[in-house]
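Some labels attached to a model are worth checking against their cut-offs.

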Amino acid sequence: MQPALAEVENNINAVAENNMRLKHYQEKVIKALKDYLGELDIARNEYEEMMAIKPNLAKHINFPKDAWEKSTGKTIYHSKTNSLNEPLPDIYLKVPTGGGKTLLACHSIDLIQKSYLKKQTGLILWIVPSTQIYRQTILALKDREHPYRQILDISSGGRTLIKEKTEMFNRLD
């Protein structure tokens, strides 16, 4: 297991001890994400090597799609690109109502930051479908004792900043 993935596994276990143990189906979702991120990391490295040697050929490589196919065996992948027309990884977690999407999102942020981005910083835009869920989520994320916030704090090295939709960013953020 890669060191970053082992660290994420330890974080999941530490938070689980604080009353937020993942259910079996949630563990399956996290495992699928880990598998994809592992393949994505390999494919990105190969893509970057190709970009350094033959950029004209590398432009035609869709490394997120290749990683998706290897990790899932599925060929349907809706490719995205950034403003430079470079491949942009994209993933959605499909979980039923009451299935723990917020908990899975917190663990997913940890996984993505440590195993793919290989850093503990970044901007996360959290979008929710209703005012009720917004209020519920913001309260949990602002509460340093809540398991969701604890996962994010572990992931960010204690540098989690929660801003409400009405708050502005400043230079210190």
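Q: How do the residues of the lining of the largest pocket divide into nonpolar, polar and charged?
A: This is a predicted model. In it, the lining of the largest pocket has 30 nonpolar, 14 polar and 6 charged residues.

Q: How much space lies in the largest pocket, and which residues are the closest to its centre?
A: The largest pocket holds about 1600 Å³ of space. It is lined by 50 residues, and Ala105, Ser108, Ile109, Ile124 and Leu125 are the closest to its centre.

Q: Which elements give two or more residues to the lining of the largest pocket?
A: They are α2, β2, α5 and α6. Of the elements, α5 gives the most, with 11 residues.

Q: What is the volume of the second largest pocket, and which residues are the closest to its centre?
A: The volume is about 850 Å³. The second largest pocket is lined by 28 residues, with Leu123, Ile124, Leu161, Ile162 and Lys163 the closest to its centre.

Q: Which elements give two or more residues to the lining of the second largest pocket?
A: Those elements are α5, α6 and α7 (147–156). The largest share, 4 residues, comes from α6. By class, the lining of the second largest pocket divides into 14 nonpolar, 8 polar and 6 charged residues.

Q: Why is Val29 called buried?
A: Buried means under 20% relative accessible area. Val29 has a relative accessible area of 17%, so Val29 counts as buried.

Q: Where does Val29 lie, and with which residues is Val29 in contact, leaving aside its neighbours within four places in sequence?
A: Val29 is part of helix α2 (residues 24–53). With those neighbours left aside, Val29 is in contact with Leu93, Val95 and Leu104; contact here means heavy atoms within 4.5 Å. Val29 and Leu93 are 64 residues apart in sequence, while their C-alpha atoms are 7.4 Å apart in space.

Q: Why is Asn85 called exposed?
A: The cut-off for exposed is over 50% relative accessible area. Asn85 has a relative accessibility of 59%, and therefore counts as exposed. Asn85 lies in the loop between β1 (80–81) and β2 (87–88).

Q: What is phi of Asn85, and what is phi of Lys118?
A: Phi of Asn85 is near 65°, a positive value in a residue other than glycine. Phi of Lys118 is near 55°, again a positive value in a residue other than glycine. Lys118 lies in the loop between α5 (101–117) and α6 (131–142).

Key. Residues numbered from 1 in each chain as written. Predicted model: local features only at pLDDT ≥ 70, side-chain atom pairs only at ≥ 80, totals over all residues. Heavy atoms only, no water. Buried < 20%, exposed > 50% of the residue type's maximum accessible area, 1.4 Å probe, protein only. 1 Å grid on protein atoms, 1.4 Å probe; cavity = no way out; pocket = protein on both sides within 12 Å on 5 of 7 lines; lining within 4 Å. Points joined across faces, edges and corners; volume = space filled by probe spheres on them. Nonpolar A, V, L, I, M, F, W, Y, C, P; charged D, E, K, R; others polar.
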